[in-house]
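Open the model in your viewer and keep the selection tool ready. This short tour tells you what to select next.

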Amino acid sequence: MTPAAQYLPLGFGLPHAVAIVLILALWGFYTPILGLLGRGSLNSQLHAVRLRWFEVHQGTDREHRVFDAIMLGHISNSISYFGSGTLLVLAGLVSALANVNSVFLLTRELAFVDHDMSLQLFTLCVFLLTAILAQCFFSFTYALRKMAYTFAMLGGLQASKADTPQARIMGEQSAVVLTEAVRSINTGIRGYYYAVAAMFLFAGPWLCIAATLAITALLYYRQLFSPTAVAIAKYVDVLKGTKG
């Protein structure tokens, strides 16, 4: 046994390491990989739409701006919903970690759980799920903060048309902050998908690897080839064409 191996959980092997690294890598590098495969994420494509939105926003009076605030408010409410739900799930996982011995014994009766899994390896799997959900929670809270910044920047935009360099820069940077807020939301939501993949570790590392690849393929399909993705791509092409 190597010096490093003695710190690993009993039963932890190379397939487990591959499964864990695959989950974290595909989740963490999802957007850069998507950019190499095609046009980038739907969120990055919709940035052009947000630029147009804020450009039009600067040409409307204060009364009509209320509708923009309502739409952004709905996004903030959605973030709060996901954040609250994630916090409840996270509390349950922390409780499972605190009582991992009892939970481990209870799962011995479940057919889909690997009964050869050691207590140490089971604890590692629960910890991985907890870490993923914790990162999801932080993503949602950070998205909420970015939305607060967006509200302030949106309120500071001039009421007249963006016909000066300063006004255009203010509108562009407001759109950047909103796009970053949505990116944080997407990271948190995507974490739920990879949390499902991580759950397959309880059944075995090979099933976890298969589930991770299947979930990633589904996510890429939705971003690149789904009817929604095709419609957004055409919408953005027309928008950029009219602006050109």
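A cavity, on a 1 Å grid over the protein atoms alone, is a set of points where a 1.4 Å probe fits but cannot get out; lining residues have an atom within 4 Å of a point. The model is predicted: local features need pLDDT of at least 70, side-chain atom pairs count only at pLDDT 80 or more, and totals for chains, interfaces and linings use all residues. Residues are numbered from 1 along each chain as its sequence is written, and side-chain values use heavy atoms, with hydrogens and water left out.

**Stop one: the cavity.** Select Thr31, Ser41, Asn43, Arg183, Asn186, Thr187, Arg190 and Gln223; they line the largest cavity. Its volume is about 40 Å³. Six lining residues are polar, two are charged and none is nonpolar. Here Ala, Val, Leu, Ile, Met, Phe, Trp, Tyr, Cys and Pro count as nonpolar, Asp, Glu, Lys and Arg as charged, and the others, Gly among them, as polar. Which helix gives the most to this lining? H8 does, with four residues.

**Stop two: the helix pair.** Select H8, residues 165–199, and then H9, residues 205–224. Their axes lie 8 Å apart, at an angle of about 155°. That makes H8 roughly antiparallel to H9 (the term covers angles over 145 degrees). Now zoom in on the contact (heavy atoms within 4.5 Å). From H8, show Arg190, Tyr193, Tyr194, Val196, Ala197 and Ala198.

Terms used. Axes fitted to C-alpha atoms, helices over the stretch in contact; angles between N-to-C directions. Helix = DSSP H or I, 4+ residues; strand = E, 2+ residues; numbered from the N terminus. Parallel < 35°, antiparallel > 145°, perpendicular 65-115°, else oblique. 1 Å grid on protein atoms, 1.4 Å probe; cavity = no way out; pocket = protein on both sides within 12 Å on 5 of 7 lines; lining within 4 Å. Points joined across faces, edges and corners; volume = space filled by probe spheres on them.
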